[in-house]
Amino acid sequence: MILKNLSKGDFRELKVVNGKRFLISLLSLLVFSLFFHVSVGAQENSDCLQCHENAEMCGDFGETKKARIDPETGDLEIVSMIVDQEAFATSIHGKDDFYCIDCHGDLEESEGMHNLNLKRVDCATFCHDDPAASYRDSNHVKLMKEKGFSPPTCKGCHIGLAFHQSTWGKERPMFVPYADGPEHRKMTINTCGNCHKEHLASYKNNFHGQVAALGVTTKEIPTCADCHGSHDILNSSNPDSQMGIKNRIEVCGKCHIGADEKFVMHIEHPRIKEIGFYKSLVSNLLSFKNFPEGLKKVGKDPNSYLMIVFVGYIGLLTMLFSKFGLHSLLTWFREIMDERKGKDKDHE
Amino acid sequence: MSDNTFYMRFSLFHRLGHFLTIISFFGLVLTGMPLVFKDAAWARWLYEVMGGYPTAGIIHRFCAVLTFLVAFVHFLWLSYNIGVKNKGNYLWGADSLIPNPKDLEDVLGDIKWFFGLGPRPRYGKWIYWEKIEYLSLMWGTIVMAVSGLILWYPVQAVKFVPGFLAQIIDLPSLALIVHRYEGILAAVFIFTIHFIHTHLLPDKVPVDEAMFTGRVTEHDLIHERGTQYDMLVKENKLHELKATPPSCMASFGCKLIGIPLLIIGLVVSALMIAGLLVLLI
């Protein structure tokens, strides 16, 4: 339905209906550009914002909301055409005096109303070829493809970052001005966590993740990307990885002054709540006669000791509370019975 | 046997200690538990109410130091009394908090009483479950203090792990697990078992004021701690403990502070138990 509305035919109809207003707005645009001494040809931000900040102006030519199919992921998305200039100005790109046409390149020559089927903004080719290349060639992307995931696009991980409050409307998170802003960092945890569910859960089982899960995602609390890197992620067993033992000292040391080899042995992803881990542990323990290596493996895994303490405490908790709970209830019950008996005696 | 005769049970020193423990304990639980149940909406709300990051952490540390100080002063007092004033009866006997054979009798007597096979035992100065609560508080404070310090200074703490163990013993993670579950244990224990035993039994509801005003009525003393009463009468010491009745204001103050704390404790422990069950399922 919506898509049909957006077809060009509809637009022509709208144009007829709103013909007069279109002329008026063109006129006002001209007057405006005179005021601001705009060089003819190149578009100032204010030219675009004439329409894009103003729901009425935008609405006159079509809709303030638009349904669109993301060419990369094929998702249907509903986006708003209204750009909040103030929010844009505080974003990383807005702050750096970018022109709208720097990114919306195919509008460079246009003036006033423009072609509505624009090319998607290309972040990678001209501006961010640096992370783009290392991301595409990274081992991480290769692994994703091998395992049958479609690797997220730049915009998939940086929702709202480069764009405008309008871009995602109400359905998506709010406008995110900076890559290291708390909103973006929260999104990072979710994007990584979508594919790495177990590691997200175990991350939240540790102090860093507990605080992050409570909504604190400022730079003081490490998110996945602080430890593993953002675009070029390698396995922690790889010495080049940010989580390789040597590099780890430096990464942890940013926040933990004096971090040394011993400190970075800390388990960031404890496995005490993984059912699979218990199963392998038990089978290793049971088959230790035929397979002594298994026992050695268990003994060398720091997670085993965490698990013993964890299970011990769960046992203690259940035992203690079942015993004392019963004790309290029985005492309570008996006291009431005794009281009643006492009262009966008083009556006699 | 009247409700108007009062006897002193807790000195000001102990009441003050208990009061400070209450304050710091609530501070610790309210700032610590949100971290454990971080996925629940109430946890996020509570964390914000307690000041969020890093304020909640600072409150937590402040209360931790307070708890530690109270426990430390208590131990000083104990060693002074035992070592200098030679009060051996604090270590063993009717006045001591260390369990003795009479407690075993009381436990067995209680079990009979539960099933209606006998009268309620006549307890001494300290009932066996009071001893268990006291001893587990002391043990718990030590465990929480040690594991808490490791988490407070993780970088320094791992320096104490010998090199050959560093590969397999992850001290901060162990401390975190111990701190978390010992904390849950202590909080739920105090907020349910301790509250029921001392405040919510039909005799006492809503607040047992003894620990706040320091006084018990003669009726309660005979009814609850018959053995102690008999002994005091026999040793002719009862009149020494006689005290003025607590003022109306003190009694009102107890309820004013006690009842909200009871409610907060019960609500928090209900939320925690619900959260724990979800974790286990």
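Trainee: How do the elements of chain B run from the N terminus on, and what makes a stretch an element here?

Mentor: They run β-α-α-α-α-α-α-α-α-β-α-α-β-α, with eleven helices and three strands in chain B. Helices (H or I, at least four residues) and strands (E, at least two) are DSSP runs, numbered from the N terminus. Keep in mind that this is a predicted model, where side-chain atom pairs count only at pLDDT 80 or more. Residues are numbered from 1 along each chain as its sequence is written.

Trainee: What makes B:Asp39 and A:Lys204 a salt bridge?

Mentor: The rule asks for a side-chain nitrogen of Lys or Arg within 4 Å of a carboxyl oxygen of Asp or Glu. Their side chains meet at 3.3 Å, N to O, so the pair qualifies under that rule. The count between chain A and chain B is three salt bridges.

Trainee: Which element gives the most to the side of chain A that touches chain B?

Mentor: That is H20(A), with 23 residues. Helix H20 covers 302-347 of chain A.

Trainee: How do you know that 48 residues of chain A are in contact with chain B?

Mentor: Contact means heavy atoms within 4.5 Å, and by that rule 48 residues of chain A meet 52 residues of chain B.

Trainee: Why is about 4,700 Å² called the area buried between the two chains?

Mentor: Buried area is the accessible area (1.4 Å probe) that two parts lose on being put together, summed over both. The value of about 4,700 Å² therefore covers both chain A and chain B, and carbon and sulfur atoms give 70% of it. In chain A, A:Leu214, A:Lys262 and A:Tyr313 lose the most area to chain B.

How values were computed: Chains lettered and ligands numbered in written order. Heavy atoms only, no water.
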